[in-house]
Amino acid sequence: MYQLIQYIKFLIKSTNQHGVHSPFVFDLVTRCFYDKKEYPSYGSLARYKASLLRTDAYIKVHDLGPGSKKMKQPERHVSKIVKTSGTPVKRAKLLFRLSQYFNPNHILELGTSLGISTHAMAMGQPNAKITTVEGCPNLHGFSKDFLKRELSNEVKFINEDFNNAVESLATKKFDLIFFDGNHQKEATLRYFETLLPTAHNDSVFIFDDIYWSRGMTEAWEIIKQHPKVTVTIDTFYWGFVFFRTEQAKEHFRIRL
C-alpha cells in the first residue's frame, strides 16, 4: 500500500523531457532514458534471463538485509528468484543504455544476486572493469560461474558482508555505482557515506528501490540534500545521484 500511494504521488509530480530545463538532464533523458532503438545486445539480455529461467538449480539464500517480500523460504529455485526479484527486462535494457551512455571505466555493484544487472552493464560497456559484491555465498558462487561463461569483461567477484566490502573499496575511484542490496535506511546511508570518496565530478550513483519502504524513501531524501550532491533524478524505481560541480543543485522526477 505504501508503494502504491507513493507511485500515485510520483505520477502527479513527475514529468518527461518537456519539463526539463537542464541541458545535461535533458540529454540524458532524451538520448538514454527514452532511447527506443532496438540494440542487438538486447537479444543477449533476453537470452541470459531465459537461461536462468531454464535452470533447475536450487540455491539456499542467506539474506543479509531485510530479505525478499515475496519469498521467505531459504532454499529457492533459481527460476523463482528470477520471476519474483530478478531485474525486469525493461530495467536491464535501461542499465545497458546507461552503461553505454556514461561509458564508465570502473563500475561497482552492491548486490550481484543472479547477475542480471551485472550482465546488462557489462554488455553496455564491454571494456569496463566491474566489481560486484554479493553477501550470500551460494548466490555468489552460482552467479560467478554463470556470468563467467557470458562476459568478456574483467569482473571482480566479492563474497563479503557489504559493510566490510565498502570499507575496503572506499579508497578506489568508480564512475558508476549501482546500489542494489540491503534496502534499509541506515545501511543505505552508511554505504553512501562510505563510498562518497570514490566519486568524482562525472560519477553517477544509482539507488534501487527508493520507495521500497518509508525508511528507503527517507534515506533517499537525506542523500538528495547532501552538500556534495548537485543533481538527482527520481524515476520511482531508481534514484540517480550526480556530483557535477558545474550544475546548480536541482532535483527531477522523470517518468520512464
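Which helices each supply at least two residues of the lining of the second largest cavity? The legends below take up this question and others. The structure is a predicted model, in which local features need pLDDT of at least 70 and side-chain atom pairs count only at pLDDT 80 or more, while totals for chains, interfaces and linings use all residues. Residues are numbered from 1 along each chain as its sequence is written, and side-chain values use heavy atoms, with hydrogens and water left out.

**View 1. The lining of the second largest cavity.** A cavity is a set of points, on a 1 Å grid over the protein atoms alone, where a 1.4 Å probe fits but cannot get out, and its lining residues have an atom within 4 Å of a point. Helix 3 (41-54), helix 5 and helix 6 (116-124) each supply at least two residues of this lining, where helices are DSSP runs (H or I, at least four residues) and strands are DSSP runs too (E, at least two), numbered from the N terminus. Helix 3 gives the most, with four residues. The space amounts to about 40 Å³, a volume being the space filled by probe spheres set on the grid points, which are joined across faces, edges and corners. Among the lining residues are Leu45, Tyr48, Ile116 and His119.

**View 2. The largest cavity.** Of the two cavities of 30 Å³ or more in the structure, the largest holds about 70 Å³ of space. Its lining includes Phe162, Asp180, His183, Tyr191 and Met216, and helix 9 (185-195) and strand 7 (204-208) each supply at least two residues. By class, this lining has six nonpolar, four polar and two charged residues; Ala, Val, Leu, Ile, Met, Phe, Trp, Tyr, Cys and Pro count as nonpolar, Asp, Glu, Lys and Arg as charged, and the others, Gly among them, as polar.

**View 3. The two sides of helix 2.** In helix 2 (residues 23-33), the buried residues (under 20% relative accessible area, with a 1.4 Å probe and protein chains only) are Phe24, Val25, Leu28, Val29, Cys32 and Phe33. These residues lie on the same side of helix 2 because they cover an arc of only 130 degrees around the axis, the arc being that of the directions from the helix axis to the C-beta atoms. On the other side of helix 2, Pro23 and Arg31 are exposed, that is, over 50% by that scale. What covers the buried residues includes helix 5 (89-102) and strand 9 (238-242), where contact means heavy atoms within 4.5 Å.

Technical notes: 1 Å grid on protein atoms, 1.4 Å probe; cavity = no way out; pocket = protein on both sides within 12 Å on 5 of 7 lines; lining within 4 Å.
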